[in-house]
Amino acid sequence: MSGGGGATPLMQQYREIKARHQDAILLFRMGDFYEMFYEDAEIASRVLGLTLTARNNGGAAEVPLAGVPVKAIADYLRRLVRHGHRVAICEQVEDPRFAKGIVKREVVETVTPGAAFADDLLDGHRNNFLCALAVPSPRAADRRAALAAADLTTGEFRLVVAEPGSELDAAVARFAPRELLVMRGADGPAVPLDGVLVTEREGWEFDPSMAREELARHFGVLSLEGFGIGVGDDTAVGAAGALVRYLRELQPTGVPQLAPPQLERAGGTMPLDEMTRRNLELVDPLRPDAAAADGVPAGTLLAVLDRTLTPMGARLLRHWLLAPLVQRSPIEARLEAVTALGVAAESRQALREALDGVRDVERLATKAAAARASPRELRALGDSLGRLGAVETALRAAVGPSASDGSESRLTMLATGWDDAADIAAPIVGALVDRPPLQIGDEETIRPGVDAALDELRALRAGGKDAIARIQQEERDRTGITSLKVGFNRVFGYYIEISNANRHAVPDEYQRRQTLTGAERYVTPALKEYEERVLTASERIETRERELFETLRRQAGAEIRRLQRLAAAVAELDVLGSFAEVAEREGYVRPLLSDDFTLEIRGGRHPVVERMMPRDAFIPNDVHLTEDARLVILTGPNMAGKSTILRQVGLIVLMAQVGCFVPAARATVGIVDRLFTRVGASDNLVRGQSTFMVEMSETSAILHTATSRSLVLLDEIGRGTSTYDGVSIAWAVSEHLHEEIGCKTIFATHYHELVQLADELPAVRNFTVDVRESGDRIVFLHRLRPGGADRSYGIEVGRLAGLPDAVLARAREVLHLLESEQLARDLAVGVDPSAAPGTRRRAITAPRQAPTPQLGLFADAHPVLDELRALEPDAMTPIEALTTLARLVGRAKS
Ligand code: ADP
């Protein structure tokens, strides 16, 4: 900033405030405008398309300036925050009429992408998380990092402890924060943070002991133990403390209502890494341009399963899909509920009808607690709560007399703790009119008959209005001027208007107030008296309505904990109902869960692909993995359906562990601890690493993290490099998974060479997706059968895709040549192509470097080969071997 000494007092004040909010755009209230200066003005003019003007700073320097009217602030704020800016709102905090000198100003709130309340910034289907990431202090014995996640609009506050690396990245990806607080100088997560505002905070703000005290004070408890947060949870406490401290800074007038922090202990849910989440298209499609319906992008598991009726349900479903369970009993409790809701079709319909009118109770309650809910919103809260009785009736009917096998279902648990909040709903619905205005004052907010004082004021105002009509009539009669009328304007209040033609008949006691072109306006003492009564009554009505409304809102807001709990119950019921609904419509079945290794899917389908096809067009397939047959090599031509089967297995396991029914005729799922899905050579260039490098580092992460209880799905690993490299890597990775890890694995590959693994390793099985050949054409049957593909069919797929005939013919020719070249090479390293596969394996892995393909491509075999074939290495001395080799190399180069 330029200038200094010469600045006006106003600019001095501005600078003092701006110095404390350097990283934010400062909206500086000046009367009816918010003004921005300097760089802020420049940014705003760019983002908002405002005209940049200049203001004289009292000195020589001109200050760039841009302003927005106070009335239109919501829209401007939204646009700035959408662009990832932080905006500090500085208000005049004293009445300018009484200010001595410069009006006092203060920043009353800072709005950021993670701390936004405006409805139009939010998506009802997803949470708006602000996260804080804490890494352990160097002294800490526990090396795990922690993530605190708060959604200010719903009050959710969760803490997650995770190993740095894939587990932590998975946690960050799961919350998909809008804003992330990180310690200055510490490592952030490795997940891409596109579109996330990253805010650096000082290391000391994450200090656990300070945070422990502050959090206890914030939640009004003596210690955090009551929330299940103990001495060992320092890092998590530090993250939570930094987050709450940041919120205090953003909203100095009071931090919004957060529920007590919930610590998610490791082991309860399955961490899903970003690649798995993306590749299985759980909540976001791989191609983000896929059409979005209702904010849920099509082509995802979420879109297929989402038949929720409330925003809370939609958010919870998303959360569940990203956090499958790993323990049998909580999964069974959900499945049992879905079963019950499936059987009780009528109650399910009744339940869905009752839920249909329930609005976003969670966000509305939080708004009430933050004194931000409008009359209309409070009424919406009341109406929504009013439906909970009907929800409960349907719920109890669905629970039925007893659960089928004695295991407790979530429905029973929800019914037991059900809170219909009738005591919160009744006063709201009783006091507020059916459709209250957005603001007090415009129209009636409080019903007649609720408050005697209010009714009296209203009668007075109505009486005043009647009286004015009476005065008009009396004055007409008295003066004989039939065109005389009583009117009202803001400056003069009530007046009697008489046209110039009738001026002669104006009585003496009329006092003239205003002269118009064709008329004069007068007042009389009687008129003034009634005017007084009407105007003060209106003002007092507004005050009284505001008092009554604020009391109602405060009472509802005070019940925030109850409201948050019941919103969670509604959300869960909604998701379980949605699962039951989808199961029935799509023909899903309840999976059998087990704690053993086995995964057996009969007649499995891909839930998303099947939905995009005509009914029954999808071909179901069986997959059976046991400890003795745990690694499947899946070969077959492109487009046969390998990726579909691979993902279908992953989705079925995931759905089962989420507690949802699955698209299969029958499924037994041995619970897995982790699910990894890696697809080779996908377009990951956004992350600035070469595709192959990314592929390898992700494969490496799997090899380091998977256990025998994991499910690993690999699609075309090793594709991003030369064939020899690729096959070798794929081979070694499979061996490692089979020998060292022993997990369930499906490896889809177009390297048909890998089918030989089955001869080497006992628990490897070959499967292929069937195609029928007719002439040189192929028909995809999409049917899985034991056995391996013996070739790739790439050219046929090229034909299907419409490559010109000449190109196809040439491709066949080249393929033929390459195949004879391969044969030649096999012979060159002394391998008999007809020998047992075990011996051939060397031929695959031995020549690390592929010979330059041009060498023999369009020529006949090189003459050196004949010489090589004639050699007998066993009969040579080392020196002979070396000299022969040198000679041959010399010839090959010439
Ligand atoms: P690959 O991975 O073998 O190249 P994909 O799994 O991508 O093949 O499948 C190619 C296409 O075949 C899919 O887009 C889908 O339309 C169709 N498909 C795959 N599996 C089936 C199936 N089981 N039934 C019907 N169509 C299928």
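This report covers the ligand site, salt bridges, strand pairing and a few individual residues of a predicted model.

## Basis of the values

In this predicted model, local features need pLDDT of at least 70, side-chain atom pairs count only at pLDDT 80 or more, and totals for chains, interfaces and linings use all residues. Residues are numbered from 1 along each chain as its sequence is written, and side-chain values use heavy atoms, with hydrogens and water left out.

## Ligand site

The shell around the ligand holds 13 residues, and I619, M639, K642, S643 and T644 come nearest. The shell divides into seven nonpolar residues, five polar and one charged. Here Ala, Val, Leu, Ile, Met, Phe, Trp, Tyr, Cys and Pro count as nonpolar, Asp, Glu, Lys and Arg as charged, and the others, Gly among them, as polar. Helix α21 (residues 642-658) gives the most to the shell, with three residues. Helices (H or I, at least four residues) and strands (E, at least two) are DSSP runs, numbered from the N terminus.

## Salt bridges

The count comes to 55 salt bridges. The rule asks for a side-chain nitrogen of Lys or Arg within 4 Å of a carboxyl oxygen of Asp or Glu. One of them joins D595 and R328, with the closest N and O atoms 3.7 Å apart. D595 lies in the loop between β19 (592-594) and β20 (599-604), and R328 in helix α10 (residues 328-343), so the pair ties together parts that are 267 residues apart in sequence. D595 is partly exposed at 45% relative accessibility. R328 is partly exposed too, at 36%. Buried means under 20% relative accessible area, exposed over 50%, and partly exposed in between (1.4 Å probe, protein chains only). D595 and R328 also belong to a salt-bridge network with E332, E336 and R590.

E377 and K367 meet in a salt bridge of 2.8 Å, N to O. E377 sits in helix α13 (residues 375-386) and K367 in helix α12 (residues 361-369), ten residues apart. Are these two residues buried or exposed? Both E377 and K367 are buried. R544 and E547 form another salt bridge, at 2.6 Å, N to O. They are three residues apart in helix α18 (residues 525-558), so about one helical turn separates them. R544 is partly exposed at 24% relative accessibility, and E547 is partly exposed at 41%.

## Strand pairing

Strand β27 (residues 764-774) pairs with strand β22 (residues 631-635) in the parallel sense, over five bridges. Within this pairing, I633 has N766 of β27 as its bridge partner. Strand β27 also runs antiparallel to strand β28 (residues 777-786), joined by seven bridges. There, the bridge partner of E773 is I778 in β28. Two strands pair if DSSP finds at least two bridges between them.

## A buried glutamate

E581 is found in helix α19 (residues 560-586). E581 is buried, with a relative accessible area of 6%. The side chains of E581 and R348 are joined by a polar contact of 3.0 Å. Such a contact is a pair of N or O atoms within 3.5 Å; within protein, one must be able to donate a hydrogen and the other to accept it, and residues adjacent in sequence count only if both atoms are side-chain atoms.

## Positive phi

Most residues other than glycine have a negative phi. A371 is not a glycine, yet its phi is positive, about 55°. A371 lies in the loop between α12 and α13. A371 is partly exposed, at 46% relative accessibility.

D616 has a positive phi of about 65° and is not a glycine either. D616 lies in the loop between α20 (607-611) and β21 (621-625). D616 is exposed, with a relative accessible area of 73%.

Methods:
Near = heavy atom within 4 Å.
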